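Visitor: Before we discuss individual labels, could you put the model up, so that each term can be checked against its criterion?

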Amino acid sequence: MTNTQFAAAPASAVIPGPATPYQGDIARYWDHEARPVNLRLGDVDGLYHHHYGIGDVDHAALGDPEDSTYEKKLIAELHRLESAQTDVLLDHLGAVGTDGTLVDAGCGRGGSMVMAHQRFGCKVEGVTLSAKQAEFANGRARDLGIGDHVRARVCNMLDMPFEAGQVSASWNNESSMYVDLHDLFAEHSRILGVGGRYVTITGCWNPRYGQPSKWVSQINAHFECNIHSRREYMQAMADNRLVPQAVVDLTPATLPYWELRATSSLVTGIEEAFINSYKDGSFQYVLIAADRV
Ligand SMILES: C[S@@+](CC[C@H](N)C(=O)[O-])C[C@H]1O[C@@H](n2cnc3c(N)ncnc32)[C@H](O)[C@@H]1O
């Protein structure tokens with residue numbers, strides 16, 4: 001596809017509609033989602049994420065909690081950690097040329113897509129069930145003058161509008177818990193060229209714990225999702241020609257983000273479930289980078 005065609009194709013060119021009543025619920029959920037914890041963090045620099053952060057908290061940057069500017073600094077710090085998470089995902093995509101095409105499956109408001117384009121200079125295609133999110137992401141891309149390279153579409157990631165083998169690398173950033181993993185990885189495997197890279201960052205329940213803990217069940221209910229186990233990821237990848245090249249346990253790296261967030265005015269009530277399940281070992285935050293063979 002040429003850049004002219006890319007820019008000319010409307011964001012809504014492919015709207016198959018939710019394939020299931022559940023997907024209709026998820027589309028509605030994200031159409032109406034406007035939590036300050038997402039929007040106020042995005043306002044910091046215009047990169048809007050719907051995922052969590054990793055890395056150590058910079059306490060010097062936060063300063064004195066009694067200071068009137070503390071809350072603003074805390075928001076900036078949480079946002080820095082969320083963008084650091086995206087950077088780690090992008091680090092695992094491998095070498096991507098400017099003529100490559102990247103796919104962000106479950107792209108949200110498009111923060112990761114913008115960062116990917118800024119790093120690699122290539123086209124980035126995003127898909128989301130939410131028309132509001134796609135419009136938002138395309139608006140941001142237009143404002144940044146990169147609308148000819150970064151585009152979000154309303155579309156089901158289990159049935160993406162890309163030719164077989166045409167995509168250099170693809171990812172799910174906290175979006176794989178909404179779908180069946182075999183269906184998801186079959187679709188990534190179809191669109192990726194042989195030698196292409198797939199990366200996911202996700203929460204998953206730990207098979208060593210035995211079954212999903214009460215905290216994991218609480219997180220599922222809160223987000224209307226279905227967290228898979230680490231074992232399911234490995235199995236579904238192996239069944240779909242995706243061979244893990246790196247598996248990184250990001251759990252210790254994400255705990256500081258949650259502990260800081262729990263002290264802020266932006267709490268949503270789910271912080272305790274994340275902190276407790278990471279600490280009792282029933283839940284893990286992992287990155288898996290796999291080669292399409
Ligand atoms: C937690 S948000 C993550 C957004 C984004 N990846 C980020 O890091 O900011 C989950 C996203 O998955 C998308 N999603 C869930 N199921 C989907 C499906 N079947 N097809 C496309 N997108 C889906 C939602 O629309 C939403 O954008």
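Predicted model: local features only at pLDDT ≥ 70, side-chain atom pairs only at ≥ 80, totals over all residues.

Visitor: Why is Asn173 called buried?

Guide: Its relative accessible area is 6%, and the limit for the word is under 20%, so Asn173 counts as buried. Asn173 belongs to strand β4, residues 167–173, and touches His51, Gln85, Thr86, Leu89, Ser112 and Ile201, if residues up to four places away in sequence are not counted.

Visitor: What makes the pair of Asn173 and His51 a polar contact as well?

Guide: The two side chains come to 3.2 Å, which is to be set against the cut-off of 3.5 Å for N or O atoms.

Visitor: Why is β2 described as largely enclosed by the rest of the structure?

Guide: The description follows from the count, because 6 of the 6 residues of β2 are buried. Lys123, Glu125 and Val127 point one way from the strand, whereas Val124, Gly126 and Thr128 point the other way, and all are buried.

Visitor: How do you know that β2 pairs with β3 and with β1?

Guide: Two strands pair if at least two bridges are found between them; β2 (residues 123–128) is joined to β3 by 5 bridges, and β1 and β2 also pair over 5 bridges. The sense is parallel for β2 with β3 and likewise parallel for β1 with β2. Val127 stands opposite Arg153 in β3, while Lys123 in β2 is the bridge partner of Thr101.

Visitor: What makes β3 and β6 the edge strands of the sheet?

Guide: The open sheet has 7 strands in the order β3-β2-β1-β4-β5-β7-β6, with mixed pairing. The strands β3 (150–154) and β6 (242–249) each pair on one side only, and this is what marks them as edges. On average, neighbouring strands of this sheet are turned by 15° against each other, direction ignored.

Visitor: Which helix lies across β2, and at what angle?

Guide: Helix α6, residues 111–120, lies across β1 (101–105), β2, β3 and β4, and runs at about 170° to β2. Helix α10 (residues 230–238) also packs on the sheet, where it touches β5 (192–205), β6 and β7 (283–292), its direction making about 165° with that of β5.

Visitor: How do you know that Arg153 and Glu125 form a salt bridge?

Guide: Their closest N and O atoms are 3.1 Å apart, and the criterion asks for a side-chain nitrogen of Lys or Arg within 4 Å of a carboxyl oxygen of Asp or Glu, so the pair meets it. The partners lie 28 residues apart, Arg153 in strand β3 and Glu125 in strand β2, and both Arg153 and Glu125 are buried. By this rule the count comes to 12 salt bridges. Another is formed by the side chains of Arg109 and Glu33, at 3.6 Å from N to O; Arg109 sits in the loop between β1 and α6, and Glu33 in the loop between α2 (21–32) and α3 (36–42), 76 residues apart. Both Arg109 and Glu33 are buried.

Visitor: Why are Arg119 and Asp87 called partly exposed?

Guide: The label covers values between 20% and 50%; Arg119 has a relative accessible area of 35% and Asp87 has a relative accessibility of 33%, so each counts as partly exposed. Their side chains meet in a salt bridge, 3.1 Å from N to O, which links helix α6, where Arg119 lies, with helix α5 (residues 70–91), where Asp87 lies, 32 residues apart.

Notes: Residues numbered from 1 in each chain as written. Heavy atoms only, no water. Helix = DSSP H or I, 4+ residues; strand = E, 2+ residues; numbered from the N terminus. Buried < 20%, exposed > 50% of the residue type's maximum accessible area, 1.4 Å probe, protein only. Polar contact = N/O pair within 3.5 Å; in protein donor to acceptor, adjacent residues only side chain to side chain. Contact = heavy atoms within 4.5 Å. Axes fitted to C-alpha atoms, helices over the stretch in contact; angles between N-to-C directions.
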